[in-house]
Amino acid sequence: MGKSQVYSLDELWILSDRLMRELGRAIPKEAREYEIGEAKYYLVLVVTAVVWQCFFLGAAGVIFSASSLFSGIMIAICLPITEILAVIFYHEDFKAEKGISLALSIWGFFSYFYGEFKKSKIEKPALNPEHNGFTTM
């Protein structure tokens with residue numbers, strides 16, 4: 001790899017510094033132009049950050065206590081729920097893309113749980129210490 005293909009840590013630091021400076025200029029401007037007030041803009045930013053942190057903490061907790069597949073299924077079901085809530089509360093149009101997304105997410109959600117249900121119905125050997133899988137005479 002040549003020098004032009006590899007970014008050094010210094011170059012990444014400069015890039016992130018420039019990005020933060022631009023955000024530092026853009027956020028107060030957006031706050032002044034926010035329809036319902038500057039204070040509510042910052043309140044929305046803080047609440048959004050807290051909700052996202054709780055979401056990712058919950059996703060990590062699901063991975064820790066169940067599986068990453070189950071966490072992925074739960075995250076996938078959040079997308080159509082968000083779309084449905086946007087239709088209800090923000091009166092957005094329910095277009096074909098939202099319907100397809102909703103159908104596929106619900107299909108994946110229920111097929112995962114149906115698979116788990118079928119797997120739990122498969123008879124597992126009893127853990128009975130008297131039998132231990134051997135026949136006694």
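What share of the 137 residues in the protein chain is made up of buried residues? Buried residues make up 12% of the chain, where buried means under 20% relative accessible area, exposed means over 50% and partly exposed lies in between (1.4 Å probe, protein chains only).

## Basis of the model

This is a predicted model, in which local features need pLDDT of at least 70 and side-chain atom pairs count only at pLDDT 80 or more, while totals for chains, interfaces and linings use all residues. Residues are numbered from 1 along each chain as its sequence is written, and side-chain values use heavy atoms, with hydrogens and water left out.

## Overall architecture

The secondary structure of the protein chain consists of 4 helices and 0 strands; helices (H or I, at least four residues) and strands (E, at least two) are DSSP runs, numbered from the N terminus. The order of elements from the N terminus is α-α-α-α.

Contact means heavy atoms within 4.5 Å. Among contacts between residues at least 6 apart in sequence, 28% join residues at least 24 apart.

## Packing of α3 against α4

Helix α3 (residues 68–90) and helix α4 (residues 96–121) have axes that come within 9 Å and cross at roughly 145 degrees. Axes are lines fitted to C-alpha atoms, for helices over the stretch in contact, and angles run from 0 to 180 degrees between N-to-C directions. This crossing of α3 and α4 is left-handed, a term that applies if the near helix is turned anticlockwise from the far one by less than a right angle, with right-handed used if clockwise.

The α3 side of the contact includes L69, F70, I73, M74 and I77, and the α4 side includes K98, S105, F109 and Y112. By class, the contact of α3 with α4 has 15 nonpolar, 3 polar and 2 charged residues. Here Ala, Val, Leu, Ile, Met, Phe, Trp, Tyr, Cys and Pro count as nonpolar, Asp, Glu, Lys and Arg as charged, and the others, Gly among them, as polar.

## Packing of α2 against α3

The axes of helix α2 (residues 38–65) and α3 come within 7 Å, crossing at roughly 145 degrees. The crossing of α2 and α3 is right-handed. In this contact F55, A59, V62 and I63 of α2 meet S68, F70, S71, I75 and C78 of α3; by class, there are 7 nonpolar, 2 polar and no charged residues.

## The nonpolar core

A nonpolar core is a set of buried Ala, Val, Leu, Ile, Met, Phe, Trp, Tyr and Cys residues joined through side-chain atoms within 4.5 Å. The largest one has 5 residues, namely F70, I73, I77, F109 and Y112. Helices α3 and α4 are the elements that give two or more residues to this core, and its largest share, 3 residues, comes from α3.

F109 lies in helix α4 and counts as buried because its relative accessibility is 19%. Leaving aside neighbours within four places in sequence, F109 is in contact with I73, M74 and I77. The C-alpha atoms of F109 and M74 are separated by 7.7 Å, although these residues are 35 apart along the chain. With the same exclusion of neighbours within four places in sequence, Y112 is in contact with S67, L69, F70 and I73.

## Two further positions

S105 is found in helix α4 and is buried, at 14% relative accessibility. Not counting residues up to four places away in sequence, S105 touches A76, I77 and P80.

E92 is placed in the loop between α3 and α4 and is partly exposed, with a relative accessible area of 39%. Its side chain makes a polar contact with the side chain of K98 (2.7 Å). A polar contact is a pair of N or O atoms within 3.5 Å; within protein, one must be able to donate a hydrogen and the other to accept it, and residues adjacent in sequence count only if both atoms are side-chain atoms.
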